[in-house]
Amino acid sequence: MKDLAKHYPAHIAELQQRTETILVRENINTLVIHAGQVGKIFLDDMYYPFKTNPHFKAWLPIIDTPNCWLIVNGKDKPVLAFYQPTDFWHKVVKLGDDYWTSFFDIKLMSNAEEIAAILPNNKQGMAYIGAHLDVAEKLGFELVNPELVLNYFHFHRAYKTEYDLVCMREANRIAVIGHNAAKDAFYGRGSEFDIQLAYLQATGQGENEMPYGNIIALNENAAILHYTVLEQTKPKQHHSFLIDAGANFNGYASDITRTYAFEQNEFHELIIAMNEMQLELGRSLKANSSYVELHISNHYKLAAILKRFDLVNLDPEAMVAKGITSAFYPHGLGHHLGLQVHDMGGFMADETGTHVSAPEQYPFLRTTRGIESKQVFTIEPGLYFIDQFLQDLSKSENSKYINWAKVDSFRKFGGIRIEDNIIVHENHVENMTRDFKLA
């Protein structure tokens with residue numbers, strides 16, 4: 001992609017500037033960023049799928065090769081120690097010339113232990129960034145994952161470079177192809193497993209490449225927020241389908257959700273109402289505004305839908321005040337998105353890591369940070385018929401406001417969630433998901 005090569009130099013320059021700033025501030029000379037290593041399954045000769053350190057893949061699109069290292073100081077050309085073993089058991093990833101390779105001083109390692117010879121013996125002023133504390137100790141690092149350094153990078157990661165955005169648009173494009181294939185498989189009366197296979201084939205990505213475990217939920221399974229069972233048996237009747245699935249591009253994630261009704265019924269009308277609300281919430285993302293307030297406004301909008309569909313016999317203001325909407329919508333409006341699905345920095349008030357807690361009445365909100373330009377969010381309102389919450393509601397003093405016959409008629413559908421990935425610009429928002437024509 002031409003845009004990758006076009007925007008990558010500025011991306012590296014931004015990361016170099018961030019690195020130099022925090023190293024000077026914390027009196028550190030160098031960061032040594034470990035991609036990570038594979039973990040062996042207990043009592044087995046197999047390994048867990050490898051997931052690279054997000055601090056590593058922020059610099060370059062190496063996401064499937066363990067035992068690699070970056071040595072950066074914000075001023076000199078970064079050093080990439082790339083693991084390229086001689087191995088007839090597994091496929092070895094080899095480096096070729098690409099848009100990013102000239103920005104690094106590349107040192108090849110045929111053995112993971114060779115990093116010890118690449119690094120200086122004296123680690124004074126060097127900080128290890130990574131997950132493997134035993135490796136850091138063995139190599140002689142005294143400074144490991146300094147909190148203020150990590151906080152600084154997590155806070156600033158929310159401000160996307162143009163290169164970040166190019167990658168995230170592509171991750172959305174790929175995911176939309178998968179969503180359309182999954183939708184067709186649903187209307188073709190496929191099982192959850194059938195739909196998953198259709199999604200993976202359409203995206204050209206395997207389960208281990210997905211940024212998270214796909215949620216493929218038919219009927220009442222849509223009421224389970226993180227449902228990942230993938231039943232192979234087709235239901236006797238298809239009522240509804242909720243898919244929460246993304247894609248990966250160069251280590252960047254997309255995170256998209258849609259809900260469908262099998263028939264043109266009242267649940268279909270409810271989906272239409274939720275979709276209109278979701279679009280309105282997405283358009284309301286504005287720089288220098290509050291994500292918490294947007295989440296709270298979501299509850300009032302949802303309350304209006306609950307009243308409109310005769311699910312709750314109460315005005316929206318009273319419904320929210322009594323906490324009734326939380327029984328139908330127990331999670332937050334969304335989260336930051338980027339190198340991680342739930343990208344870091346969402347609870348930070350500043351670059352030192354000052355924590356801003358979610359409001360007591362909305363403990364599952366994943367973002368309390370103010371909305372600013374160059375940030376990317378998910379907007380994912382929901383409406384669910386979850387037995388546990390409905391049972392608690394039935395035992396409360398608010399039970400008298402609920403049209404239980406109507407609620408019971410919707411239980412077989414499970415619930416609704418609709419989620420887009422949206423870039424906040426200075427004077428407008430860019431809905432990447434809708435731009436690729438996913439209705």
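**Close-up views of a predicted model**

**View 1. Tyr 128 and its bridge partner in strand E6.** Val 144 of E6 is the bridge partner of Tyr 128. Strands (E, at least two residues) and helices (H or I, at least four) are DSSP runs numbered from the N terminus. E5 (residues 126–129) and E6 run parallel and are joined by two bridges; two strands pair if DSSP finds at least two bridges between them. This is a predicted model, in which local features need pLDDT of at least 70 and side-chain atom pairs count only at pLDDT 80 or more, while totals for chains, interfaces and linings use all residues. Residues are numbered from 1 along each chain as its sequence is written, and side-chain values use heavy atoms, with hydrogens and water left out.

**View 2. The open sheet.** The sheet has six strands in the order E4-E3-E2-E1-E5-E6, with mixed pairing. Strand E4 (105–109) and strand E6 (143–144) are the edge strands, each pairing on one side only.

**View 3. Helix H1.** The 25 residues of H1 (residues 2–26) reach 37 Å from first C-alpha to last, close to the expected 36 Å; the expected span is 1.5 Å times one less than the number of residues. At Tyr 8, shortly before Pro 9, H1 has a kink of about 40°, the angle between axes fitted to the seven residues ending there and the seven starting there. Asn 27, which follows H1, has a positive phi near 55°.

**View 4. The buried residues of H1.** Among the buried residues of H1 are Leu 4, His 7, Ile 12 and Leu 23; buried means under 20% relative accessible area (1.4 Å probe, protein chains only). The buried residues of H1 pack against elements including strand E1 (30–34) and helix H6 (162–187), where contact means heavy atoms within 4.5 Å.

Technical notes:
Buried means under 20% relative accessible area, exposed over 50%, partly exposed in between (1.4 Å probe, protein chains only).
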